[in-house]
Amino acid sequence: MDVRTQERIPNVLTIAGIDPSGGAGLLADVKAMSALGVYAAGVPTALTAQNTRGVTGVLGIPADFVGEELEAVFSDLRVDAVKIGMLNDAGVIETVAAALERWRPRWIVLDPVMVAKSGDALLRPEALGAMKTRLLPLAHVATPNLPEAAALLGDARPAADRAGMEETGRRLGGLFGTPWVLVKGGHLGGAASPDCLVGPEGEVRWFEAPRTETKNTHGTGCTLSSAIAALLARTGDVPEAVRLAKDYLTGAVANADRLDAGGGHGPTHHFWALWK
């Protein structure tokens, strides 16, 4: 068979920090993207000393070098979608924004990472403003959880119910110009895990899944946003990409206890559908 006649495999770039334990950040992104059938490339923005129990150190990669990494990737690879995760400081955020403005990838998914599952801060406080003014207006899809959404809006408390999630999504889209905002409802608690997608015309779509009782949820936000980016590159349809990504993450969490990785909040099982 002449492989040149086959459908072109999408290339998806993750721009994120590195969790050496592999459950979150760039390593988790690459796993999720690979599991979903795209070629994954990665530009690291920070190194962390981190495992399933917590973060003990963060070493930022200088913004100039992050710029060199981005130039190397974009000048050589056709990039069909980009996922942005941990960026750590305002200088790196500015560098990433400038590269995205220059190269203009078709899809940009922003996961506004601020705090690790352990509660440790991953975004410097002074970088929050840069994220709001430089990255949210460039993103096609933003995927904040409830505390992250509240921080972006300057609210004292996160939304506490579904009506509040819808309003949060509308406000974020209207304030920052992000066409699609996926407000993740995992912090609501209860038997369900609902996510609310607010579209460019204010349309609202809900994506439901039963909550899995497990402590092994490290990196769920990274995994979901990476899955959305991969599936956007494949489908070109935001609601469909979110639906499929939600199904994928639900399976990854449901099968997380099959892994034996760490004694804290363990990772999800990125290859749950492939490892039989």
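This is a short tour of a predicted model, stop by stop.

**Before you start**

Residues are numbered from 1 along each chain as its sequence is written.

**Stop 1: the largest nonpolar core**

Select Leu-13, Leu-70, Ile-84, Val-96, Leu-100 and Leu-135. Of the 43 residues in the largest nonpolar core, these six touch the most other members. A nonpolar core is a set of buried Ala, Val, Leu, Ile, Met, Phe, Trp, Tyr and Cys residues joined through side-chain atoms within 4.5 Å. Buried means under 20% relative accessible area, exposed means over 50%, and partly exposed lies in between (1.4 Å probe, protein chains only). In soluble globular proteins, nonpolar side chains tend to be buried together.

Now colour helix α3, residues 90-103. It gives this core its largest share, 6 residues. Helices (H or I, at least four residues) and strands (E, at least two) are DSSP runs, numbered from the N terminus.

Zoom in on Val-96. What does Val-96 contact, leaving aside neighbours within four places in sequence? Show Ile-15, Val-66, Leu-70, Ile-84, Leu-87 and Leu-135. Contact here means heavy atoms within 4.5 Å.

**Stop 2**

Select Asn-88, in the loop between β4 (81-84) and α3. Its phi is near 75°, a positive value in a residue other than glycine. Most residues other than glycine have a negative phi. Asn-88 is buried, with a relative accessible area of 5%.

Next, select Arg-104, in the loop between α3 and β5 (107-110). Phi of Arg-104 is also positive, near 50°. Is Arg-104 buried or exposed? With a relative accessible area of 63%, Arg-104 is exposed.

**Stop 3**

Go to Ala-72 in helix α2, residues 63-74. Ala-72 is partly exposed, at 48% relative accessible area.

Move on to Val-79, in the loop between α2 and β4. Val-79 counts as buried, at 14% relative accessibility. How far is Val-79 from Asn-11 in space, C-alpha to C-alpha? The distance is 5.2 Å, although 68 residues separate them in sequence. Not counting residues up to four places away in sequence, Val-79 touches Asn-11, Leu-13, Val-73, Phe-74 and Pro-105.

**Stop 4: strand β6**

Select Val-141 in strand β6, residues 141-142. Its relative accessible area is 0%, so Val-141 is buried. Val-141 touches Ile-108, Val-109, Leu-110, Thr-178, Trp-180, Leu-232 and Val-238, not counting residues up to four places away in sequence. Now find Leu-197. It is 56 residues from Val-141 along the chain, and their C-alpha atoms are separated by 9.5 Å.

**Stop 5: helix α5**

Colour residues 146-153. This is α5, and 6 of its 8 residues are buried. Which ones are they? They are Leu-146, Glu-148, Ala-149, Ala-150, Leu-152 and Leu-153. Their cover includes α4 (128-135), α6 (162-176) and β7 (180-184).

Check both ends of α5. At the start, a side-chain oxygen of Asn-145 reaches to within 2.9 Å of the backbone nitrogen of Glu-148. Gly-154 follows the helix, with a positive phi near 75°.

**Stop 6: two buried loop residues**

Ser-193 is in the loop between β7 and β8 (195-198). Ser-193 is buried, with a relative accessible area of 16%. Leaving aside neighbours within four places in sequence, its contacts are Gly-186, Phe-207, Glu-208, Ala-209, Arg-211 and Lys-246.

His-218 is in the loop between β9 (204-207) and α7 (220-235). His-218 is buried too, with a relative accessible area of 4%. Show Asp-19 as well: a polar contact of 2.8 Å joins the two side chains. A polar contact is a pair of N or O atoms within 3.5 Å; within protein, one must be able to donate a hydrogen and the other to accept it, and residues adjacent in sequence count only if both atoms are side-chain atoms.

Notes: This is a predicted model: local features need pLDDT of at least 70, side-chain atom pairs count only at pLDDT 80 or more; totals for chains, interfaces and linings use all residues. Side-chain values use heavy atoms; hydrogens and water are left out.
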